[in-house]
Amino acid sequence: MIPQDPLTQLPVEVVSTSFDLFQIALGIMILVVVVFVHGAGIRRVSRYFSGRWVHVTTETPHWRVNLLFGSVIAQLVIVHLIEVMVWALPIYWLKLIPGLSAAAFFAAETYTTLGEGAVRLPLSWRQLGPIIAVSGLFTFGWTSSVLVYIMTQFGALDTHHAERKKAAESDPK
């Protein structure tokens, strides 16, 4: 059974007056660091992809193209895991959640906006959670745009394959 949220028992005045500028400022600073880390990671992944994609032709075996895609996905996941740790470390260092593993779990759960609440911040620090979620929304949106670009390249390659196959079928030799 999930315990009832203590906030639901507080009068609205108590909840609305607990605005903490330090938490907001700290959260925004960490969010900015996360976005910079994401930018550096995305640039690295994009350079990796572009450096290998220039060698892809219609003759490139499908398994090699799929391996490239898989390696890009793995790198993107690693970038996001690093960003989760950027959140987890201050949470752990500030002793908001005991144990680095639990802090990382909370950060990942919040960053992905899953928010099951299995691990929680102290009530006095609850404003940090939405900022972590916002950083995840920003970075996942950015990652999605990169994936759209990559999938556009794959689509163009598939179109070239189809055109080549059609030309071979219609060529009477």
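A: Happy to. Let us start with surface patches: a patch is made of residues with over 30% relative accessible area and no salt bridge, and nonpolar side chains are joined within 5 Å. Keep in mind that this is a predicted model.

Q: Which residues form a nonpolar patch on the surface here?

A: Ile28, Val32 and Phe36 do, and together they have about 310 Å² of accessible area. Take Phe36 as an example: Phe36 sits in helix α2. Exposed means over 50% relative accessible area, so Phe36, at 62%, counts as exposed.

Q: Which residues gather in a patch of positive charge?

A: For charged patches, like charges are joined within 9 Å. In this model, Arg43, Arg44, Arg47 and Arg52 gather on the surface in this way. Arg43 belongs to helix α2, which covers residues 21-53. With a relative accessible area of 56%, Arg43 is exposed.

Q: How many salt bridges does the structure hold?

A: To find one, look for a side-chain nitrogen of Lys or Arg within 4 Å of a carboxyl oxygen of Asp or Glu. The structure holds 1 salt bridge. Its partners are Glu59 and Arg164, whose closest N and O atoms are 2.2 Å apart. Glu59 is in the loop between α2 and α3, while Arg164 is in helix α5 (residues 128-170), so the pair ties together parts that are 105 residues apart in sequence.

Q: Are these two partners buried or exposed?

A: Glu59 is exposed, at a relative accessible area of 53%. Arg164, at 39% relative accessibility, counts as partly exposed.

Q: What about Glu83, which has no salt bridge?

A: Buried means under 20% relative accessible area, and Glu83 is buried. The nearest side chain of opposite charge is Arg44, 12 Å away. Glu83 lies in helix α3, residues 62-93. Setting aside residues up to four places away in sequence, Glu83 touches Val34, Val37, His38, Tyr111 and Thr139.

Q: Where is Val79 found, and which residues is Val79 in contact with?

A: Val79 is also a residue of helix α3. Its relative accessible area is 9%, so Val79 is buried. Apart from neighbours within four places in sequence, Val79 is in contact with His38, Gly41 and Val45.

Methods
Residues numbered from 1 in each chain as written. Predicted model: local features only at pLDDT ≥ 70, side-chain atom pairs only at ≥ 80, totals over all residues. Heavy atoms only, no water. Areas by Shrake-Rupley, 256 points an atom, 1.4 Å probe, with all protein chains shown as cover. Lys, Arg positive; Asp, Glu negative; His and termini not counted. Charge placed at Lys NZ, Arg CZ, Asp CG, Glu CD. Helix = DSSP H or I, 4+ residues; strand = E, 2+ residues; numbered from the N terminus. Buried < 20%, exposed > 50% of the residue type's maximum accessible area, 1.4 Å probe, protein only. Contact = heavy atoms within 4.5 Å.
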